[in-house]
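I opened this notebook to record what I looked up in a structure that was new to me. The entries follow the order in which I consulted it.

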Amino acid sequence: MFSFHIDNHRGVTRFLALTGLTLIIASCDDSSQPAGPSEPALSVSTNSTVTDLGTLNSTSSGANGINDQGQVVGSSAVFSQGYTNASHAFRWQSGVMTDLGTMGGRSSVANSINNGGWIVGWAHTASNLQHAALWKPGIPAQDLGTIAGTSSIAYGLNNKGQIVGQSTWAGQSVRAFVWQNGTMTNLGVLTGGDWSVAQAINDSGLIVGQSSTSIGGIHAVVWRNGVIKDIGVLPGVNPASRTSVAYGVNNKGEVVGYSDLPGGTRHMFLWKQGQGMKDLGAPSGGTAEARAINENSKVVGYATLPGQFAHAFLLDHGVFTDLGTLPTGNVSSAAAINLGGAVAGSSNKRKPNSSIHETHAAMWTTP
């Protein structure tokens, strides 16, 4: 039901229900970007604690978001309504996982939660169409609709209630959107491109994501006041054939994601207006992808060393910490971090008395 896989439209490795829209990813302009460290200091966490958040009475779950109150959201496999391979969005708080339901259809996924308790993601309608969804405290899911076509997904929101994501546009094309007060607005694409995705938005309205280009590449972008900007790739040869993707942004305007390097290695980056793209590196010989950044500039995501499985990480001012997995697990990924440093994500673990692994939502607390 759940697996560690690439949702290509979003360009993100996550533990997700296998029922979502799909997209893609490549590279860009700012060739004067300064390079940063290629191998940050590596340590294994000895002070963090990992908590298994459980499931909705099933075998698999994954966490995608966390707010400053420690509420975690994601999705869990469910056995209901006669459906197979179904999942439901959840909210977890103080040891209790609550099923958020759907909009009358098979499945739903929660991707993000703000400090007011608003949750966004997607849910199937009664016609089993996949639509962006908003859950407000105590209120059933609200259908946010689409720009055009039949499908949409919400990925992020800010504390002002602005929501971003992707929606079908024309034919098989997808466009990034921002939704506010009942109106979904098409954010457009880079000149000559044919699709875009918005991943996150900060409280000043800075939106981050990616767009295809006129030559079929995929570039990390930001939108400010409705204007799209290509923010480039890390330095190296053949920039047009390489990929960058922006996933997270904080209220300082610091943007994180990953960029391919020549040879195919992936490094984390940090971008800020006027400062260009900085290489945050990866463990020696490995790859790393940043998924989120908090107001203290702590970065989380996942990293892989040669011959090893992916692990969740925390990058704190140049120190790279392997957050590890649930007991008996060997794969993990971090998706979000709150102001207090609590990290939400997913980890596998062995089933009791078995060699088979299953994936569970997890939360790491760090000093």
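**Entry 1: the model.** I note at the outset that this is a predicted model.

**Entry 2: a sheet with strand 4 at one edge.** I looked up an open sheet of four strands and found the order 4-31-30-29, with antiparallel pairing. I then asked which strands stand at the edges. They are strand 4 (49-54) and strand 29 (332-337); each has a single partner strand, so one side of each lacks a neighbour in the sheet. From one strand to the next, I read an average twist of 35°. I next followed strand 29 to strand 30 (residues 343-350) and found that the two run antiparallel and are joined by five bridges. For A334, I recorded G345 in strand 30 as the bridge partner.

**Entry 3: a sheet with strand 9 at one edge.** I turned to another open sheet, in which four strands follow the order 9-10-11-12 and the pairing is antiparallel. Here the edges are held by strand 9 (104-113) and strand 12 (142-143); because each has a single partner strand, one side of each is without a neighbour in the sheet. How many bridges join strand 11 (residues 130-135) to strand 12? I found two, and these strands run antiparallel. I also noted that L134 has Q142, in strand 12, as its bridge partner.

**Entry 4: a loop residue.** I located G253 in the loop between strand 21 (244-249) and strand 22 (255-260). Is G253 buried or exposed? Its relative accessibility is 11%, and the cut-off for buried is under 20%, so G253 counts as buried. Leaving aside residues up to four places away in sequence, I listed its contacts as N202, L206, W271 and K272. I checked the separation of G253 and N202: they are 51 residues apart in sequence, and their C-alpha atoms are 7.7 Å apart in space.

**Entry 5: the largest pocket.** I read about 650 Å³ of space for the largest pocket. Its lining comprises 37 residues, and those nearest the centre are I66, S112, L157, V249 and I337. By class, I recorded 14 nonpolar, 17 polar and six charged residues in the lining.

Notes:
Residues numbered from 1 in each chain as written. Predicted model: local features only at pLDDT ≥ 70, side-chain atom pairs only at ≥ 80, totals over all residues. Heavy atoms only, no water. Pairing = 2+ DSSP bridges. Axes fitted to C-alpha atoms, helices over the stretch in contact; angles between N-to-C directions. Buried < 20%, exposed > 50% of the residue type's maximum accessible area, 1.4 Å probe, protein only. Contact = heavy atoms within 4.5 Å. 1 Å grid on protein atoms, 1.4 Å probe; cavity = no way out; pocket = protein on both sides within 12 Å on 5 of 7 lines; lining within 4 Å. Points joined across faces, edges and corners; volume = space filled by probe spheres on them. Nonpolar A, V, L, I, M, F, W, Y, C, P; charged D, E, K, R; others polar.
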